Amino acid sequence: MDVKVLLLGSGGREHALAWKLSQSPRLTRLWCAPGNPGTAKLATNVPVKADAPDEVVALARRESVDLVVVGPEAPLVAGVADALAKAGIPCFGPVAGAALIEGSKAFAKEIMAEAGVPTAAFRTFTDAVEAEAYAVAQGRIVVKADGLAAGKGVIVAHDVDSARQAVRAVAALGTSGQRMVLEELLEGEEVSAMALCDGERYVMLPLSQDHKRVGDGDTGPNTGGMGAYSPAPFLDAEQLAEVGESVIAPTLAVLRRRGLPFKGVLYAGLMLTRNGPKVLEFNARFGDPETQVLMMQLGEDLLPLVDACARGQLQARPLVAAPGASVGVVMAAEGYPEAPRKGQRIDGLDAVPEDATVFVAGAEMRDGALVTSGGRVLTVCARGDDLARARERAYAAVAAVRFEGMHFRHDIGVKGLKAAP
């Protein structure tokens, strides 16, 4: 069966999805809305807003698209999947009601409690004064804005003063911070467990680990992610399967009972505590930059999997993983994450070794040259027979790329090296 696909989004995650989808013998046409200079080499970029449901439906109808694959969270929360369902167009991505599992921290906690999913103890507040009093009493606490806050809505506080400041900072976010979730501070290794879901069944992707802090050794402010690697060696195949049974399956069941079948990627951010894995948060889509390495680790065709999810026809089975490991290093713009500098010419991509792949994120074409246009500019990825070799190749490729003010972490995957048996 030949499939025409519309991919929504414009980041490194979407370039990686386009890269993987374009390898499918079943793919006949690929459009990306709005896409980026990387996706332009694999797909037809269309200047349509990914989070405008009517525009997406119109484009899908005009091109007789068979499947829409949603990359970022904003289109999901905006109801793109709902509009496509109404138009009879299969969509890989949950309806808005199910996407609330990412769009609302309080809703996510409610679902976890009903599903019996292991997670941090929590309380929800709508009054900032009450929240501040509770945070000060606890001292060590995590403060989360209820709504989407572009990566700025989660603050970890280790003492009374920082707890007080965290509540005030989240309250100052406006709408997304009007309701906030305060939860116990968990400790352990943080990993990303993602599952492809068809509303009822699921398959687990390889475990990966993101690096959120801007600086080496997990220092500096949080970012959208400075790099990732997969597989992360902290859970074996049996333990990852247990995460599916204790986290993914009951969550899907609760959403299904509520009339919100989840079709897409259910992403569980896990803390591996001494008492076992606990869910820190859910996302309703592929992670970024984890997707970039996961697409390199997936040893089979992605298109039939996402198509089956969208149609509620997924076969629950272990996925075929490529041997070895993959590492992705994010090259960020000067000033990221606070105020990234834009318009810097990117050079050296033609000198990147053939054993590496560069996924474009915050970059655009200007006067025939590729220039920076966002905070996370590129994700430079490589595979290897093991994690050490994958790191070596990824950083060799990073060394070939140049743009003014660029910065990146030098320790992506080091935790995995230390943990490997």
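A salt bridge is defined here as a side-chain nitrogen of Lys or Arg within 4 Å of a carboxyl oxygen of Asp or Glu. The structure is a predicted model, in which local features need pLDDT of at least 70, side-chain atom pairs count only at pLDDT 80 or more, and totals for chains, interfaces and linings use all residues. Residues are numbered from 1 along each chain as its sequence is written, and side-chain values use heavy atoms, with hydrogens and water left out.

**View 1. Salt bridge between glutamate 392 and arginine 389 in helix α12.** The closest N and O atoms of glutamate 392 and arginine 389 are 2.4 Å apart. Both residues belong to helix α12 (residues 387–398), and because they are 3 residues apart there, about one helical turn separates them. Helices (H or I, at least four residues) and strands (E, at least two) are DSSP runs, numbered from the N terminus. Arginine 389 counts as partly exposed, its relative accessibility being 31%. The exposure classes are buried, under 20% relative accessible area; exposed, over 50%; and partly exposed, in between (1.4 Å probe, protein chains only).

**View 2. Salt bridge between lysine 415 and aspartate 218.** In this pair the closest N and O atoms are 2.7 Å apart. Lysine 415 lies in helix α13 (residues 414–419) and aspartate 218 in the loop between β13 (213–215) and β14 (219–222), so the pair ties together parts that are 197 residues apart in sequence. Lysine 415 is partly exposed at 33% relative accessibility, and aspartate 218 is also partly exposed, with a relative accessible area of 32%.

**View 3. Salt bridge between aspartate 347 and arginine 345.** The closest N and O atoms of aspartate 347 and arginine 345 are 2.8 Å apart. Aspartate 347 is partly exposed, with a relative accessible area of 26%, whereas arginine 345 counts as exposed at 51% relative accessibility. A search of the whole structure finds 30 salt bridges.

**View 4. Negative surface patch containing aspartate 236.** The patch is formed by Asp236, Glu238, Glu242 and Glu245. Patches consist of residues with over 30% relative accessible area and no salt bridge, like charges being joined within 9 Å and nonpolar side chains (Val, Leu, Ile, Met, Phe, Trp, Tyr) within 5 Å. Aspartate 236 is located in the loop between β15 (227–230) and α9 (237–257). With 43% relative accessibility, aspartate 236 counts as partly exposed.

**View 5. Surroundings of glycine 71.** Glycine 71 lies in the loop between β4 (67–70) and α3 (73–77) and counts as buried, at 0% relative accessibility. Not counting residues up to four places away in sequence, glycine 71 touches Leu8, Arg13, Glu14 and Arg285; contact means heavy atoms within 4.5 Å. Glycine 71 and glycine 416 are 345 residues apart in sequence and 27 Å apart in space, C-alpha to C-alpha.

**View 6. Aspartate 307 in helix α11.** Helix α11 spans residues 302–310 and contains aspartate 307. Aspartate 307 counts as buried, at 5% relative accessibility. Its contacts are Arg26 and Leu67, not counting residues up to four places away in sequence.

**View 7. Buried residues of helix α10.** Helix α10 (residues 290–297) is mostly covered, 8 of its 8 residues being buried. These residues are Glu290, Thr291, Gln292, Val293, Leu294, Met295, Met296 and Gln297.

Key. Areas by Shrake-Rupley, 256 points an atom, 1.4 Å probe, with all protein chains shown as cover. Lys, Arg positive; Asp, Glu negative; His and termini not counted. Charge placed at Lys NZ, Arg CZ, Asp CG, Glu CD.
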